[in-house]
Amino acid sequence: MTRTDSLRELIAQTGRTPGTHIPVFNPVALEVLKLAHDEKVSLARIESTLLRDPVLSAQVLRMANSSRYGGLAAAATLKQALSRLGAQQVVRLAMAAAQVSLYQSRHPLFRASIGELWKTALASAIGAAWIVHRSNHGEMAEQAFLAGLLHDVGKLVVMRSIEKLVSEQKIEASLPEAVALEMVNTLHCEFGFELTRRWNLPEAYGVICRDHHLETCDTGNVLMATVRLIDEVCRRMGMGCVAEPERMPAAGEEAAALMLNDVALADLEVTLEDKLGLNVVAAA
Ligand SMILES: [Fe+2]
């Protein structure tokens, strides 16, 4: 076993072991997500559920009042935000608000990359919702948003596992960033799948976490094709660790299956630049 293999095994074992290093999805946000699947749910029910977590509620309100909605008067309360934006948009904000709090690292190794990871997660969520709208699958926008948001969430588990091992002095603090990021890339699919199971999310999200880097794509799975496509677009745009401008997402089978050509994907890149520049979570 090489040194890299044994390091990978140590991190993998840690990531599979329960503990405080395993991210917890805000339980109120998870409950709101379940409520959102009920077409008959009232805005009042969503409001009362969200208000059980004042920090999450405040974050949702802050996002709702971001410049994306600058044409509207600021919402002073969650109730106002719900009536102006609608339940789906507020649920989307709640999912993003619940996730952003997980993307923090005190370790110098990941201080920069974790911010980049969050930016990519948000871009993937916004972009995935945009893609399904544009490819006439608009009814899947909320699922696509969440699938895009979560598809790389396993990277958090790898990062936190490495941090834990460093703090326990089982890994040297001088671990090169390139080695750490290689571990993140090779282990994140398995850990993402496990994390969505721990969170009791529908299996479709776990399958996307697990399989989004497989060599072949089941293009009949719209969500999978969408996530793979937005992943390519984000890499081309230089999100993540390395810019890969040579990537041609429009030439892939996912773009063909979703009937999006290079003009549409150029439009998507402009949309993402606009929305991320404004630092907002906006509907496609
Ligand atoms: Fe990935």
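Predicted model: local features only at pLDDT ≥ 70, side-chain atom pairs only at ≥ 80, totals over all residues.
Student: Let us turn to helix packing. At what angle do H7 and H8 pack, and how far apart are their axes?

Tutor: Read the angle together with the distance. Helix H7 covers residues 111-134 and helix H8 covers residues 141-150; they pack at an angle of about 150 degrees, with axes 7 Å apart. H7 is therefore roughly antiparallel to H8, since angles over 145 degrees count that way.

Student: Is the crossing of H7 and H8 left-handed or right-handed?

Tutor: H7 and H8 cross in a right-handed sense. On the H7 side, the residues in contact include Ala121, Ala125, Ala129 and His133. On the H8 side, they include Ala141, Phe145, Gly148 and Leu149. The contact of H7 with H8 has 11 nonpolar residues, 4 polar and no charged ones.

Student: How do H7 and H12 cross?

Tutor: Take the angle first again. The axes of H7 and helix H12, residues 222-236, cross at roughly 130 degrees and come within 9 Å. That angle makes H7 oblique to H12. The crossing of H7 with H12 is right-handed.

Student: Which residues of H7 and H12 make the contact?

Tutor: H7 contributes Thr120, Ala123, Ser124, Gly127, Ala128, Ile131 and Val132. H12 contributes Val222, Thr226, Val227, Leu229, Ile230, Asp231, Val233 and Cys234. Sorted by class, the contact of H7 with H12 has 10 nonpolar residues, 4 polar and 1 charged.

Student: What about H2 and H6: how close do their axes come, and at what angle do they cross?

Tutor: The axes of helix H2 (residues 27-36) and helix H6 (residues 87-100) come within 10 Å, and the crossing is at roughly 155 degrees. H2 and H6 are therefore roughly antiparallel to each other. Handedness is a separate reading, and H2 passes H6 in a left-handed crossing.

Student: Which residues form the contact of H2 with H6?

Tutor: Ala29, Val32, Leu33 and Ala36 come from H2, while Ala87, Gln88, Val91, Ala94, Met95 and Ala98 come from H6. This set has 9 nonpolar residues, 1 polar and no charged ones.

Student: Now single residues. Is glycine 192 buried or exposed?

Tutor: Count the C-beta neighbours. Glycine 192 has 25 of them inside 10 Å, so it counts as buried, the cut-off for that class being 20 or more. Glycine 192 lies in helix H10. Not counting residues up to four places away in sequence, glycine 192 touches Asp152, Val153, Gly154, Cys209 and Arg210. Alanine 255 is 63 residues away from glycine 192 along the chain, and their C-alpha atoms are separated by 24 Å.

Student: Where is valine 207, and how does it count by C-beta neighbours?

Tutor: Valine 207 is in helix H11, residues 203-211. Because it has 17 C-beta neighbours inside 10 Å, valine 207 counts as partly exposed.

Student: Where does methionine 259 lie, and what is its phi?

Tutor: Methionine 259 lies in the loop between helix H13 (253-257) and helix H14 (262-277). Its phi is positive, near 55 degrees. Methionine 259 counts as exposed, with 10 C-beta neighbours inside 10 Å.

How values were computed:
Residues numbered from 1 in each chain as written. Axes fitted to C-alpha atoms, helices over the stretch in contact; angles between N-to-C directions. Helix = DSSP H or I, 4+ residues; strand = E, 2+ residues; numbered from the N terminus. Parallel < 35°, antiparallel > 145°, perpendicular 65-115°, else oblique. Left-handed = near helix turned anticlockwise from the far one by under 90°. Contact = placed C-beta atoms within 7 Å. Nonpolar A, V, L, I, M, F, W, Y, C, P; charged D, E, K, R; others polar. Buried ≥ 20, exposed ≤ 12 C-beta atoms within 10 Å, placed from the backbone.
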